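Hi,

Here is the structure I promised to pass on. Could you open it next to this email and follow along?

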Amino acid sequence: MAIYLFVERPALNMMPEAGALGNPLAWVLLFWAAFRYYTAYLQWVKKKRDDDRSSTLGLLMLLSTLGLTACTPFDYQQEGKDVPTAGHLKTAFDAGDSFVVHQWLDQFEVDYPNAHIEPVFMTESQLLKAVEQSSIESFYLHRYLDSTEMQALESRGVQVRSVEVAKTSVAVVVGKQSSLSQMTWQEFYARLTQSGVWVCRRTGSELRSAIDYAKNGNGDSSTWRVLEAGTVEALLVKLNQDPNAIGLVSLNAISDKKDPLSLQYRSQCKTLKLENTQSGEFVGPFQSEIVRNRYPMIQPIVAYDLQGYSGLSAGLMAFVSSQPGQIIAKKSGLLPHTQPARTIQLQ
């Protein structure tokens, strides 16, 4: 028994014990954990420093971008900076289309608040002169440009885009006291060559169509007797002063049943029916007769874009040709180029 104890005691003394300095293995584990924590801390500090540097650089880039943005004109109001839905543009229109034009522009600018189109109302000759002088880049004319006019624009390097947006016509009107209700071609020819016809402006598109009707394709070289009133109001005063007088006005001036001024004009005159020289029928300047091409003085409304890029002129042309623009044309008494679609529910 004593021998057993003597042998086992040294064996027991060889096992590690936790003395004053603790277990050595625990110290090794603690040192390793501290080292890993320290290296992780150094990595975190480095990453944070890099992130702070990136944030500072990003902030500087953002401030630089904002500074450049503040100096860059993004209001599209400068010449040549307009786009289809924003900018400023001066556009010429036939003077007889003022009612439908104002409705087009009002709705267009409601849909696109950054767009501003300044309408300029001219007679046909004034409008063509402005085109020749390059003072306008967008206009709406009551006819197609002929080959000579197109060649003149193309020779100046002008890119011409056009689209027909509606049809209008010339209305022959008389005073409220007049006994006339219709007029043959011969009677109209006699008035235009003898007693005279009142117009707002001699250079307007109404007189051109009236002369074409009076000539009846015969190349007549007669001297036309034309009386100039200046405005629609003045013309209607002249007609009501003389029951035998006749005048020419653009259809839009008396066809918009929702516009108070158009209704006022309409109440001060009567519209004559004209003889269709081919069928012999008497027809008035109504949408139903224009769509059947029976009224003798029909005029297309053709939009022209001379900008040469996709600017505000192209945007207005697209709007006027769209369903909202075509509905406005129809409401105004004109014949839209594309009939607005209707939704019909079948039971």
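Predicted model: local features only at pLDDT ≥ 70, side-chain atom pairs only at ≥ 80, totals over all residues.

Residues are numbered from 1 along each chain as its sequence is written, and side-chain values use heavy atoms, with hydrogens and water left out.

**The whole chain**

The protein chain has 13 helices and 13 strands. Both are DSSP runs numbered from the N terminus: helices are H or I with at least four residues, strands are E with at least two. Of the 347 residues, 37% count as buried. Buried means under 20% relative accessible area, exposed means over 50%, and partly exposed is in between, using a 1.4 Å probe and protein chains only. Among contacts with a separation of 6 or more, 76% are between residues 24 or more positions apart; a contact means heavy atoms within 4.5 Å.

Strands β1 (residues 87–94) and β2 (residues 115–122) run parallel and are joined by 8 bridges. Strands pair if DSSP finds at least two bridges between them. One example to look up: A92 has V120 in β2 as its bridge partner.

The axes of α12 (residues 312–321) and α13 (residues 323–331) come within 4 Å and cross at roughly 65 degrees. Those axes are lines fitted to C-alpha atoms over the stretch in contact, with angles from 0 to 180 degrees between N-to-C directions. On the α12 side you'll find F319, V320 and S321, which meet Q323, P324, G325, Q326 and I328 in α13. The residues of this contact divide into 4 nonpolar, 4 polar and no charged. Here Ala, Val, Leu, Ile, Met, Phe, Trp, Tyr, Cys and Pro are nonpolar, Asp, Glu, Lys and Arg are charged, and the others, Gly among them, are polar.

**Two loop residues**

S134 isn't a glycine, yet has a positive phi of about 60 degrees. S134 sits in the loop between α4 (124–132) and β3 (138–141), and is partly exposed at 46% relative accessible area. N293, also not a glycine, has a positive phi of about 60 degrees too. N293 lies between α11 (287–291) and β12 (298–305), and is exposed at 60%.

Cheers
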